[in-house]
Amino acid sequence: MFSGLTTAALGQQLVPEPDINAEFEAALASFESEEYAVAFFSFRELYERVPDHPKTTAALLMAGKSLYRLGEYASCVELLGAFHTRFPNSAYLQEAERVVAFARLELGKSVLQSQVVRVGVALPLSSGQHVLTQALFNGIHMAVSDHNARELPLVQLIFRDTQNTAEGARRAVAELIDEGVAAIVGPLFSKEVHAAAREAERARVVLIAPLATDEYITRGRSYIFQANATLIERGRFMAREAVENLQLGTVGVVAEDGNPVSIAMARSFAQEAARRGAVVAFDVRLKSFSDWLRLPELIGIERLSMVDGLYLSVHREFERDVERVVQGALSRLGRTGSRLHILGASAWHGVELDLSAERLSVSYAGVFHVNEIRNDVRNFRQAYRVLSQGTEPDRLAYTGYDVMRALLFQVGKDGSLAANLKRAPVYDGLGTRIRFDDRQRNTALYLFNHSPGGGILAY
């Protein structure tokens, strides 16, 4: 009855053949249930089975897809990369190649993501400062977008609210440092910057203050930068321009007692002018704000005739107050018949020269100027209107763009970011110039020459 069959052969014949279709369906169910690790090992069991069977290529493809879903992109490429060699005629070949292509794309993204540089922004969201923050951040956002469209490394912005307080600023910067940012832009004002600077300096993270003008923000620090030229630096700048550009050999200085900023700007001007070889013939201190309108009699015609240039260190919180007193002072100086070159360290754009003042040459320093005929300015304005639903960019929008672009030109370069910022050439931005000196302060300003008709030429 059992002739020709050994006991061993009989035992072998009684072992049922594996149900490959059932195993494949079970593996597929695990895949569809998003149990990708279980699915991979089940499919691997099937595609490694010898000899090949009707489900070998399908199992191999699905094992590769399981690896892709697990995020194991390199293993997916390795597994399915040889599919076309082993099964060149398979109906699944095109699908396998598509999965490999997607896995390679994800690998590329992973490489780029590993090279992404995080940059922090610390600004207030309080109702009182929201408008300032929005304009500045719009400019910052556009600078990052322009950078990421053209250059590597890619930059990711991380925002933190300073809550418009010193403690809020300190906490915001501490959180950004914990996020691993390479640099921080903000906070807005000097008080908040001082608190934030201590955290950034301790962590050796570059922090650029876009608006603060306090002279002491960078003192004794190596990683804190000021993009807005300090008022004292404006005095130094005007002295350099007076001697080297305007060729003034003898100058006089006028400042106002009881006004610390006026005194500080005058002192910095006089020291820098003397250092560059000019003669400072006199240094007059006025007793009150109204004395600016009595300059000819307080200085004296004889002393006025001794100098080529006269530096007026006028400072008030509001520009209009400065322009009003400068306008009166120039009118009275003009009536003396003098042809002095009048110098200032703040923007006198609104000053109108009357007939008596037209004989005077007037030059002053400024930190902001937009050349409307530049193509990049026109492009920025158009893009900004789209971003802000028709709103024109203001000074803060230009400042945000320029500060961030100046920073991003140095991000990713070899060496220390702080050292690179100090060595960088002048960044001639859309509305501001930026060049940091060894004290991390911006020394690049504009020289304005005021014409009798009120027109302003910038150099």
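1. A residue is termed buried under 20% relative accessible area, exposed over 50%, and partly exposed in between. By that scale Arg285, with a relative accessible area of 28%, is partly exposed. The model under discussion is predicted.

2. Arg285 pairs with Asp283: their side chains form a salt bridge with an N to O distance of 2.4 Å. Asp283 is likewise in the partly exposed class, its relative accessible area being 36%.

3. Across the whole structure, the search returns 34 salt bridges. As background, side chains of opposite charge can pair when their charged atoms come close.

4. Within helix 10 (residues 190–203), Arg202 and Glu199 are 3 residues apart, about one turn of the helix. Their side chains meet in a salt bridge at 3.4 Å, N to O.

5. Where does the salt bridge between Arg439 and Asp437 lead? The pair itself has an N to O distance of 3.2 Å. Arg439 is partly exposed, with 36% relative accessibility, while Asp437 is buried, with 13%. Through salt bridges that share partners, Asp437 and Arg439 belong to one network together with Glu215, Glu233, Arg236, Arg240 and Arg441.

Note on methods. Residues are numbered from 1 along each chain as its sequence is written. This is a predicted model: local features need pLDDT of at least 70, side-chain atom pairs count only at pLDDT 80 or more; totals for chains, interfaces and linings use all residues. Side-chain values use heavy atoms; hydrogens and water are left out. A salt bridge is a side-chain nitrogen of Lys or Arg within 4 Å of a carboxyl oxygen of Asp or Glu. Helices (H or I, at least four residues) and strands (E, at least two) are DSSP runs, numbered from the N terminus. Buried means under 20% relative accessible area, exposed over 50%, partly exposed in between (1.4 Å probe, protein chains only).
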